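Dear colleague,

Please find below the structure that I would like to hand over to you. My notes on what was found in it follow directly after.

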Amino acid sequence: MREYELVIIGGGPAGLAAAVAAHEAGLRDILILERDNELGGILNQCIHNGFGLHTFKEELTGPEYAGRFIEQVKKLDIPYKLNTMVLDLAADKTVTAMNREDGLFQLHPKAVILAMGCRERPRGALSIPGCRPAGIYTAGTAQRLVNMEGYMPGRKVVILGSGDIGLIMARRMTLEGAQVQVVAELMPYSGGLKRNIVQCLDDYGIPLKLSHTVVDIEGKKRVEAVTIAQVDGNNRPIPGTEERYECDTLLLSCGLIPENELSRSAGVELNPITNGPTVNESLETSIPGVFAAGNVLHVHDLVDYVSEEAGAAGRQAAGYIAAGCREEEHKALPIKCANGVRYTVPVAIRPGAAGDTVTLRFRVGNVYKNKKVAVYAGDACVFSRKRPVLAPGEMETVILKTSLLTDHPEADGITVTLEEA
């Protein structure tokens, strides 16, 4: 097995964009490792449109969007290995993987990009009472069954969780002839994009019940009925608010978890809010030379942002290798979240190591109206922007000029906060 300077773990939208960007930055020794039998990741089962408006300035389906990057990877002759499972990532960046052709093998790259994506939260993590009959699927599993395998999971459907996949599957199941009776959401707000609520629920007359959850599942061999109830401020079911729906299928769309088992085994520091690695402005983790991008870092709402972020990680990895894997010491400014900002990516910025601009991405913890996003370097406000509505389902982006930070050398930290407009 020959050695490679850069190994990218994951051949989905993040891995593909990182590989293309690293190649364009001058790096030629790149290898993509993908556990599936084709490149493209989750996009292969997302046959709905709405992808690529930012990246390609046109509306594409998921497979079309992935196809654009796969074409670039093949045109640039970037090598990749399919059906290859990465078993371990060590602190010294040794990658242990296996497939049928090569058997068990190890790689010793100079840099690694983590692009493993995320997984759905299963029923076992939700503590739903009731039996364990057939007919309970995560929304992503149902999406794969319908769009790629050609199977219908059921005909009368209840959906728990209003994440984007759940909303999209409400429409998809309706178009395939199923009756979607209700979408229940534990939180008092939806976890999906506003456009998906309108296009997938409102346009088809599917009710969305906020502050509701499933309290019982009936059926021995197959789901026969589901009972939902309203919850109070502590997310506890309120007696007397139960509603019973006869159905044969329950779809779960209750959040996504970044796939960070490899990161954890390598000793990468993880953010307890995002469950993804903590990174600096270069998207470099706590281990020098290990970078992260896409949904393995934090869950994105648009794949265009995944590609943009992964492209930055690819360029940074190429620069790290070109510099001989050495980094100068720079003062790091930790980022603090306040007044409704749940987390930021990155968690620290080194103004001396950043380029002309730094991209800050964050999510809020509730629905806010008529607010102002403000960024402070120490006590000085260096950025502010009015936002009529901020919601947890939509990621916010702030592009800061690095000069705004270097103009305040006395600052010992950065604060991202919400203020009254």
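In which hand, left-handed or right-handed, does α4 pass α5 in their crossing? The crossing is left-handed. Before I go further, please note that this is a predicted model, and that the values given here are computed from it.

**Helix packing**

Helix α4 (residues 164-175) packs with α5 at an angle of about 20 degrees, and the two axes are 8 Å apart. Angles under 35 degrees count as roughly parallel, so α4 is described as roughly parallel to α5. On the α4 side, the contact is made by Asp164, Leu167, Ile168, Ala170 and Arg171, which meet Asn196, Ile197, Gln199, Cys200 and Leu201 in α5. Sorted by class, this contact has six nonpolar, two polar and two charged residues.

From α1, the residues in contact are Pro13, Ala14, Ala17, Ala18, Ala21 and Ala22. From α7, they are Val303, Val306, Ser307, Ala310, Gly311, Gly314, Arg315 and Ala318. This contact of α1 with α7 divides into 10 nonpolar residues, three polar and one charged.

**Salt bridges**

The structure holds 19 salt bridges, and I describe several of them here. One joins the side chains of Lys81 and Asp102, with a distance of 3.0 Å from N to O. This pair links distant parts of the chain, 21 residues apart: Lys81 is in strand β3 (residues 80-81), and Asp102 is in the loop between β5 (95-99) and β6 (103-107). Lys81 counts as buried because its relative accessibility is 18%, and the cut-off for buried is under 20%. Asp102, at a relative accessible area of 34%, is partly exposed.

Another salt bridge pairs Glu419 with Lys372, whose closest N and O atoms are 3.8 Å apart. Again distant parts of the chain are linked, with Glu419 in strand β26 (residues 414-420) and Lys372 in strand β23 (residues 368-377), 47 residues apart. Lys372 is partly exposed, with a relative accessible area of 23%.

Glu246 and Arg244 also form a salt bridge, and their closest N and O atoms are 3.6 Å apart. Both partners are partly exposed: the relative accessible area is 47% for Glu246 and 48% for Arg244.

Which residues are linked in a network of salt bridges? They are Arg35, Arg119, Glu259, Glu261 and Arg264.

**Backbone features**

As background, most residues other than glycine have a negative phi, and most peptide bonds are trans. The following places depart from that pattern.

The peptide bond from Val345 to Pro346 is cis, with omega near 5 degrees. Pro346 lies in the loop between β20 (341-345) and β21 (348-349).

Asn83, although not a glycine, has a positive phi of about 50 degrees. Asn83 is in the loop between β3 and β4 (85-89), and is partly exposed with a relative accessible area of 46%.

Leu283 likewise has a positive phi, near 65 degrees, and is a residue other than glycine. Leu283 is located in the loop between α6 (261-266) and β18 (290-292). Is Leu283 buried or exposed? Leu283 is buried, with a relative accessible area of 9%.

**Two further loop residues**

Ser211 has its place in the loop between β12 (208-210) and β13 (212-218). Ser211 is buried, with a relative accessible area of 18%. Leaving aside neighbours within four places in sequence, Ser211 is in contact with Glu185, Leu186, Met187, Pro188, Ala229, Gln230 and Val231.

Asp203 is in the loop between α5 (194-201) and β12. Asp203 is exposed, with a relative accessible area of 53%. The C-alpha atom of Asp203 is separated by 24 Å from that of Pro388, and these two residues are 185 residues apart along the chain.

With kind regards

Notes:
Residues numbered from 1 in each chain as written. Predicted model: local features only at pLDDT ≥ 70, side-chain atom pairs only at ≥ 80, totals over all residues. Heavy atoms only, no water. Salt bridge = Lys/Arg side-chain N within 4 Å of Asp/Glu carboxyl O. Helix = DSSP H or I, 4+ residues; strand = E, 2+ residues; numbered from the N terminus. Buried < 20%, exposed > 50% of the residue type's maximum accessible area, 1.4 Å probe, protein only. Contact = heavy atoms within 4.5 Å. Nonpolar A, V, L, I, M, F, W, Y, C, P; charged D, E, K, R; others polar. Axes fitted to C-alpha atoms, helices over the stretch in contact; angles between N-to-C directions. Parallel < 35°, antiparallel > 145°, perpendicular 65-115°, else oblique. Left-handed = near helix turned anticlockwise from the far one by under 90°.
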